[in-house]
Amino acid sequence: MKLLHLSLVLVFSCVLQVKSQGVSDYAALDTFIRDALSGLAKSESKFKEISPVVQGAIDFVSSIDPRRKTDQQRGIQIIQRLNDVSVDRGNKQVLKNLLGRVFGSVWKSSTEAERAAFVKQIKNFIANPPPSAALPAKRKRRMTYEWFDEVSKRLYLLDGLATLMFAIDSTSSMSRDITIAKNIANQILNLEDERKNPVDYILSDINDPVEDLKPTITRPTTQLAQFAEDIGAIIPAGGGDCPEMALTGMLNGFSFAPQYGSSMFVFTDAAPKDATVDNMANVIGAAFGFDTKISFFTVTNPLCDSNPDYSKFQQIADETGGFVFPLVDSTLPTPPTGRKRRSIATDSSNRLPFVTSELKAHTTIYQGNGISTIGKRIFFNIDDEIKFLAIKIQTDANHEQIRLFNEKFQQIKTRNTLGNVVLYKFDNPFSGTYFTLIPRSAGSYRYTVTAAFKNPIVVNTKYFMNDGPVARPIPHPVQGIQNKILISITGYDRVTKHTIAANIILKDGTKTPITLSPDNGSGAFEGSLIPPTSEYKIQIQGKTIGGKSFTRLTSNFEQAKPIAFVTMYAGEDSSVGYKTRTPSFLIAYKSPGSPFAGRVETSLSTSKINDGEIANLNLSSARNFIRLFYTSPTAPIASRTSDEIIIRDNISKKILHRIPILLY
């Protein structure tokens with residue numbers, strides 16, 4: 001009876017507590033946080049850290065507390081959680097979300113004057129961190145100074161750290177090519193000048209069967225030498241038949257929670273044995289969740305399989321913004337068994353430009369694919385905020401006749417090739433319109449233009465569903481109905497005001513304009529759209545303060561889905577004690593059409609959902625209230641005090657919703 005009463009209270013609260021929250025209110029919240037953390041946006045390795053903080057603040061504002069705590073009381077409780085939980089790899093993303101919830105508490109509990117003072121202090125703290133700038137003395141305006149004191153202590157979470165991830169095939173058939181794989185991996189490790197930001201390390205094993213997979217190795221930033229020794233110690237053995245458990249090995253790496261915005265490099269000579277629908281969805285979902293590009297170094301081993309099917313690797317690379325590169329030159333004659341093959345270059349130096357471009361330029365500003373039936377001309381606006389540029393074009397057939405021209409219509413002849421991938425790269429490129437000519441003989445093609453910036457200008461999006469007077473934040477757009485969208489620009493101080501336009505852009509380059517709200521100078525714009533049925537990105541175009549045309553894209557491809565979930569409550573601000581059974585409440589918005597069938601699971605094997613490993617969801621209404629019961633583990637797991645509630649579509653197996661849970 002008490003549980004039923006709590007359910008009614010929560011559902012009623014869903015309607016009452018945030019009834020006046022519209023997209024414009026979320027836009028103001030977004031601007032408040034991005035303004036406070038604008039100093040981080042000057043560091044290319046740190047600007048990506050702002051998004052999880054904004055998401056945490058939105059989660060705070062859109063969720064409820066059944067015990068009717070004030071926003072200030074909730075904020076104090078969150079700070080206590082932050083004090084109690086260790087900062088390790090497995091907890092970092094949920095801790096950033098909680099830091100964002102503190103920002104949300106400040107936002108809801110403060111006057112406009114107090115918010116402005118808070119922003120000023122945070123900006124000064126980032127620009128002049130201790131010991132050069134001492135913490136301000138406590139004053140009477142508690143919300144301004146005490147909250148600043150608490151938040152400033154935790155800005156270390158936004159450190160810009162990245163992870164270098166390797167998944168290396170250690171089966172017997174790799175004996176012929178393991179040396180070159182190790183050489184490339186070590187070259188990647190030694191490219192410190194290209195990275196500019198600190199990294200930690202993950203090494204996962206690829207083998208077969210699963211029982212032969214070696215434990216995943218993690219190393220902190222201070223143990224580069226030890227990590228290089230870990231790679232050097234790989235001795236090929238086992239494997240049996242040629243297809244290997246490659247996706248399982250990759251997922252093992254992701255299970256150790258890499259830093260956001262990292263890169264994974266996979267080395268193998270065999271097709272994946274475990275490319276099931278579930279595993280493909282899990283790998284791509286993990287890559288999206290951690291904003292990770294996955295690139296592959298593959299080789300055809302005729303003693304194993306003369307025609308391995310690497311199409312699943314290509315699909316993963318396409319989805320995540322990576323590429324598939326040849327590990328060795330498969331066009332060379334096959335030597336007798338037991339002898340080493342020659343690589344494309346014995347010192348692997350021809351791969352270095354491709355690897356450095358992956359590490360130096362993580363932000364994609366143009367991307368597309370197609371079939372060049374009559375030849376194709378593709379244009380790129382290169383602006384004055386770009387300090388490094390990489391243009392990669394991959395074809396199925398002839399790539400020799402690909403041409404690139406700069407802003408003066410001069411052909412750029414310096415380039416690198418590796419297999420069927422062509423790379424053009426530039427330090428401090430001249431501004432203007434570049435274009436590439438892809439010949440008819442190239443067949444299918446795919447291209448990406450990635451960049452590193454002097455001052456990042458980055459586009460971010462959030463989607464909302466209007467529910468009466470309330471705009472509810474949803475994790476992705478819902479197909480077939482109108483969605484509200486909030487487009488915000490980090491680094492808007494580098495943009496000429498009133499020049500911004502936005503488009504939906506498909507993989508083939510087709511554009512559909514989005515009508516935006518007037519520019520109020522904040523860098524946050526409202527719009528609405530009925531999303532396309534195929535995958536797309538949001539593109540913004542405008543002019544920099546230097547008057548140069550620029551283009552930016554969202555990080556990942558969006559795919560409208562038949563349903564979206566909003567978390568209203570999942571423990572007290574997504575925090576649950578050990579050995580606790582707690583209700584979670586969600587609202588689901590479904591597109592018109594057939595009923596939805598999905599399943600709910602948890603990230604940790606020691607936790608439960610509805611007292612089992614999974615719970616089934618069958619929904620038919622356009623708007624659904626959902627109650628779940630989450631049971632936390634009975635004891636902490638080493639280096640991991642966070643969990644997730646995950647909702648999947650039964651058909652595609654794709655992850656539709658994640659609820660982070662901090663365990664204490």
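Student: Hi! Let's start with strands: how do β26 and β30 pair?

Tutor: Hi! In this predicted model, β26 (residues 596–602) and β30 (residues 642–649) run antiparallel and are paired over five bridges.

Student: And which residue is the bridge partner of Arg599 in β30?

Tutor: That would be Arg648.

Student: OK, what sheet do those two strands sit in?

Tutor: An open sheet of five strands, in the order β24-β31-β30-β26-β28, and the pairing is mixed.

Student: Which strands stand at the edges there?

Tutor: β24 (575–576) and β28 (614–619). Each has a single partner strand, so one side of each is left without a neighbour in the sheet.

Student: What about the open sheet of four strands, what's its order?

Tutor: The order is β23-β25-β29-β27, with antiparallel pairing. Here β23 (563–570) and β27 (608–609) are the edge strands, each pairing on one side only.

Student: How many bridges join β23 to β25?

Tutor: Seven, with β25 covering residues 581–590. As one detail, Ala570 is placed opposite Ser584 of β25.

Student: Switching to cores. How many residues are in the largest nonpolar one?

Tutor: It has 45 residues, and Phe32, Ile33, Leu37 and Phe103 have the most contacts inside it.

Student: Which element gives the most to it?

Tutor: Helix α5, with eight residues. The elements giving two or more residues include α2 (23–36), α5 (92–109), α6 (112–127) and the strand β15 (458–467).

Student: Leu37 was on your list. What does Leu37 touch?

Tutor: Leaving out residues up to four places away in sequence, Leu37 touches Ile50, Val53, Phe103, Ile122, Ile126, Leu155 and Leu158.

Student: There's a second, separate core too; how many residues has it got?

Tutor: That one has 37 residues, including Leu164, Ile178, Leu327 and Phe354. Phe354 also belongs to an aromatic cluster, together with Phe166, Tyr201, Phe227, Phe265, Phe267, Phe297, Phe323 and Phe325.

Student: Is the helix around there, α14, mostly covered or mostly open?

Tutor: Helix α14 (residues 352–360) is mostly covered, with seven of its nine residues buried. Phe354 is one of the buried residues, and so are Thr356, Ser357 and Glu358.

Student: Back to rings, then. How many aromatic pairs does a search of the whole structure find?

Tutor: It finds 25 aromatic pairs.

Student: Is Phe254 buried or exposed? And Phe290, buried or exposed?

Tutor: Phe254 is buried, at 5% relative accessibility. Phe290 counts as buried too, with a relative accessible area of 16%.

Student: Last topic: charges over rings. Where does the charged end of Arg581 sit?

Tutor: Over the ring of Phe629, 4.3 Å from its centre. There is also Lys497, which lies over the face of Tyr492 at 4.8 Å from the ring centre.

Notes:
Residues numbered from 1 in each chain as written. Predicted model: local features only at pLDDT ≥ 70, side-chain atom pairs only at ≥ 80, totals over all residues. Heavy atoms only, no water. Phe/Tyr/Trp six-rings, centres within 6.5 Å; stacked < 30°, edge-to-face > 60°. Buried < 20%, exposed > 50% of the residue type's maximum accessible area, 1.4 Å probe, protein only. Lys NZ or Arg CZ within 6 Å of the ring centre and 35° of its normal. Core = buried A, V, L, I, M, F, W, Y, C linked by side-chain atoms within 4.5 Å. Contact = heavy atoms within 4.5 Å. Pairing = 2+ DSSP bridges.
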